[in-house]
Amino acid sequence: MMFMADALKNGVRPDDAGIKEAIGKHISYVNEKIHPTDARAFLGDVPHIH
């Protein structure tokens with residue numbers, strides 16, 4: 001998730017295609033290796049930054 005940390009530090013927009021792809025890959029990994037999830041459940045597990 002270093003990609004995400006770097007993106008936040010560098011002001012990359014959350015709707016950037018690279019961000020969306022990275023999140024999609026992460027969700028796929030979690031589904032495959034840890035436990036079933038989807039985008040809504042994933043967002044529920046992530047602390048919100050305001």
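Val30 is part of helix H2, which spans residues 17–33; helices (H or I, at least four residues) and strands (E, at least two) are DSSP runs, numbered from the N terminus. The model is predicted: local features need pLDDT of at least 70, side-chain atom pairs count only at pLDDT 80 or more, and totals for chains, interfaces and linings use all residues. Residues are numbered from 1 along each chain as its sequence is written, and side-chain values use heavy atoms, leaving out hydrogens and water.

**Overall make-up**

- The protein contains three helices and zero strands, and its pattern along the sequence is α-α-α.
- Of the 50 residues in the protein, 16% are buried (buried is under 20% relative accessible area, exposed over 50%, partly exposed in between, with a 1.4 Å probe and protein chains only).

**Helices H1 and H2**

- Two packed helices are described by the angle between their axes and the distance between the axes.
- The axes of H1 (residues 2–9) and H2 come within 10 Å and cross at roughly 155°.
- That angle makes H1 roughly antiparallel to H2 (under 35 degrees is roughly parallel, over 145 roughly antiparallel, 65 to 115 roughly perpendicular and the rest oblique).
- Axes here are lines fitted to C-alpha atoms, for helices over the stretch in contact, and angles run from 0 to 180 degrees between N-to-C directions.
- The crossing of H1 and H2 is left-handed, meaning that the near helix is turned anticlockwise from the far one by less than a right angle.
- On the H1 side, Phe3, Met4 and Ala7 meet Gly18, Ile19, Ala22 and Ile23 of H2, where contact means heavy atoms within 4.5 Å.
- The residues of this contact divide into six nonpolar, one polar and no charged (Ala, Val, Leu, Ile, Met, Phe, Trp, Tyr, Cys and Pro count as nonpolar, Asp, Glu, Lys and Arg as charged, and the others, Gly among them, as polar).

**Residues in H2**

- Val30 has a relative accessible area of 9%, so Val30 is buried.
- Leaving aside residues up to four places away in sequence, Val30 touches His35 and Thr37.
- Asn31 also lies in H2 and, at 34% relative accessibility, counts as partly exposed.
- With residues up to four places away in sequence not counted, Asn31 touches Pro36 and Thr37.
- His26 lies in H2 and is partly exposed, at 24% relative accessibility.
- His26 and Met1 are 25 residues apart in sequence, and their C-alpha atoms are 8.6 Å apart in space.
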